[in-house]
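Dear colleague,

I am handing over the structure below, and I would be grateful if you could read the notes that follow alongside it.

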Amino acid sequence: MTGIVSVQNVRKIYDGGFEALKGTNLEIQEGEIIALLGPNGAGKTTLISTICGISSLTSGKITVDGMDIGTDYRKVRAMIGLVPQEIALEPFETVINSVRFSRGLFGKKKNEAYLDEVLKTLSLFDKKNSKVMTLSGGMKRRVLIAKALAHEPRVLFLDEPTAGVDVELRKDMWNTVAKLKKQGVTIILTTHYIEEAEAIADRIAVINSGEILLVEDKAALMARMGKKKIRIDLMEPAKTVPERLAPYFLELAADGSALTYTYDVNSERTGITGLLNDLQAAGLQMRDVQTQQSSLEDIFVGLVQEDAK
Amino acid sequence: MNFQAVGAIYTFEMARFFRTLKQSFLSPVLSTSLYFVVFGTAIGSRMEAVDGVEYGAFIVPGLIMLSVMTQSIANASFGIYFPKFIGTIYELLSAPVNFLEIVVGYVGAAATKSLFIGLVILGTAYLFVDLDIQHPIAMMCFLLLTCLSFSLLGFIIGIWAGNFEQLNLVPMLVVTPLVFLGGSFYSISMLPPIWQTVTMFNPVVYLISGFRWAFFGQADVAIGVSLGAISLFTLGCMAFIWWIFKTGWRIRS
């Protein structure tokens with residue numbers, strides 16, 4: 001099924017010869033939140049810039065709602081809102097005038113009630129007539145989001161929207177994103193904060209060196225690739241891992257006080273029962289047992305490292 | 001045509017002008033007054049009338065052109081360079097607008113500002129000299145065309161410039177000398193014959209000459225030639241800007 005945004009075999013080679021996108025394919029479904037994860041220079045911003053028309057593509061095809069971004073650029077761009085990575089705002093203008101400018105630029109007629117609503121949602125209403133230059137960094141980021149929402153887009157690109165933003169504001173933004181999703185807005189998010197993707201995304205796409213490594217439902221990805229760890233604290237420190245426990249590939253803590261067992265949550269036999277029995281048989285006594293689920297960050301780092309090999 | 005977008009760009013750019021309205025108004029009034037004190041009264045009183053026009057009045061069209069050309073370039077180049085400099089150009093590039101709409105918005109605002117300045121200088125001139133404009137409609141048309149064409153040139157400079165030094169380079173090194181040597185303060189006929197020929201390669205000569213014709217009914221070159229030259233210059237700038245947006249030169253990676 002073709003998504004609301006369809007990226008087909010897109011290549012982007014910059015003038016200097018650097019290939020930022022190497023035949024990228026990505027289908028984004030309407031109404032979803034998809035997080036684009038990748039290290040610096042992976043091609044996240046290039047992909048977004050190309051879809052939004054800021055960068056031209058070298059080859060391939062991109063459609064939004066079935067329309068080509070080149071030939072139908074007016075209709076396509078009117079549907080898209082973009083929050084850039086860098087804070088780029090006219091410093092001497094007021095918040096409301098900046099937002100009004102964005103709405104007009106995207107061809108929408110004046111609607112002060114709607115703009116007020118956007119400002120209220122983003123807790124910017126009381127700063128409506130303040131000059132942008134007087135706002136804090138976090139507030140400026142909100143203004144960028146307000147500008148991107150000013151023309152009522154159906155697809156919203158958020159390029160690292162919470163970079164350098166404090167925890168409280170970040171959670172506020174997550175709530176805003178959740179509200180937009182409820183309104184039916186499709187959201188494409190790039191982020192360095194894996195916890196951000198984990199908290200709000202429906203699907204995860206991992207990009208590295210201009211190639212999409214995987215696109216998968218977040219929960220399914222975590223279930224498929226997630227590993228769990230059991231940390232067993234010992235009553236008496238062990239100098240080495242007993243021979244009997246070798247099949248479990250246990251990690252011994254530096255001070256010998258704990259053993260860590262890693263297992264796949266999806267495998268038929270986790271080996272936990274056998275391990276516990278063998279621990280007893282090896283004469284080791286347990287003080288405490290803790291389990292730990294691997295995070296999306298662990299999965300992401302694993303994928304990127306594997307790709308680099 | 002995305003009229004909403006044109007209106008948004010125009011309004012946003014004009015807001016910059018209104019924020020500094022006092023400076024925008026006072027600066028041309030002061031500089032024009034100084035020109036009149038120095039050239040009109042101190043030096044002008046010792047000079048003969050040029051083609052029957054008192055020297056103080058003779059320099060009025062040149063003075064207006066000098067300010068209008070430099071202001072048009074400055075306003076339009078800054079208008080498009082500033083979004084590039086602070087990064088807000090992303091919004092323009094991702095908006096559902098074509099090159100014409102962007103140009104009409106930015107260049108229209110820049111031309112409006114310089115038209116205002118031109119009229120302020122004209123008003124100031126009335127305080128110092130007796131002026132009887134023979135072809136007021138033609139005068140307004142020339143003024144408008146100059147505002148427009150030099151704002152287009154300024155827009156190109158703004159897109160080309162990679163830093164603030166480059167932004168000032170062309171106006172300083174090219175435009176100001178061309179304007180000064182384009183007959184702002186003298187008639188071409190006052191030059192030696194060889195320099196009269198050289199001067200004919202200066203496009204500004206045609207603008208000032210045409211503008212002066214609108215004021216006093218006499219010119220260094222035929223009015224039709226002046227009109228043709230300014231129209232050609234405007235079309236050339238438009239074609240270049242069309243190419244810029246087609247290729248993304250200096251604006252799109």
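Two strands are said to pair if DSSP finds at least two bridges between them, and the strands themselves (E, at least two residues), like the helices (H or I, at least four residues), are DSSP runs numbered from the N terminus. Please bear in mind that this is a predicted model, in which local features need pLDDT of at least 70 and side-chain atom pairs count only at pLDDT 80 or more, while totals for chains, interfaces and linings use all residues. Residues are numbered from 1 along each chain as its sequence is written, and chains are lettered from A and ligands numbered from 1 in the order in which they are written.

To begin with chain A as a whole, it has 10 helices and 14 strands, and its C-alpha atoms fill a box of roughly 80 × 45 × 35 Å, taken along the principal axes. Chain A is divided into domain 1 (5–223) and domain 2 (227–293), with bounds that come from an automatic or database domain assignment, and the centres of these two domains, taken over C-alpha atoms, are separated by 45 Å.

One sheet of chain A can be followed strand by strand. It is an open sheet of 4 strands in the order β12-β13-β11-β14, with antiparallel pairing. Because β12 (251–252) and β14 of chain A stand at the edges, each with a single partner strand, one side of each is left without a neighbour in the sheet. Strand β11 (residues 227–234) of chain A pairs with β13 (residues 258–264) of chain A over 7 antiparallel bridges, and here A:Lys228 stands opposite A:Tyr263. β11(A) also pairs in the antiparallel sense with β14 (residues 286–293) of chain A, over 7 bridges, where A:Ile230 has A:Thr291 as its bridge partner. β12(A) is joined to β13(A) by 2 bridges, again antiparallel, and A:Glu251 has A:Thr260 of β13(A) as its bridge partner.

Finally, the two chains meet: 28 residues of chain A are in contact (C-beta atoms, placed from the backbone, within 7 Å) with 22 residues of chain B. On the chain A side, the elements that give two or more residues are α2 (73–79), β6 (80–83) and α3 (95–105), of which α3(A) gives the most, with 5 residues.

With best wishes
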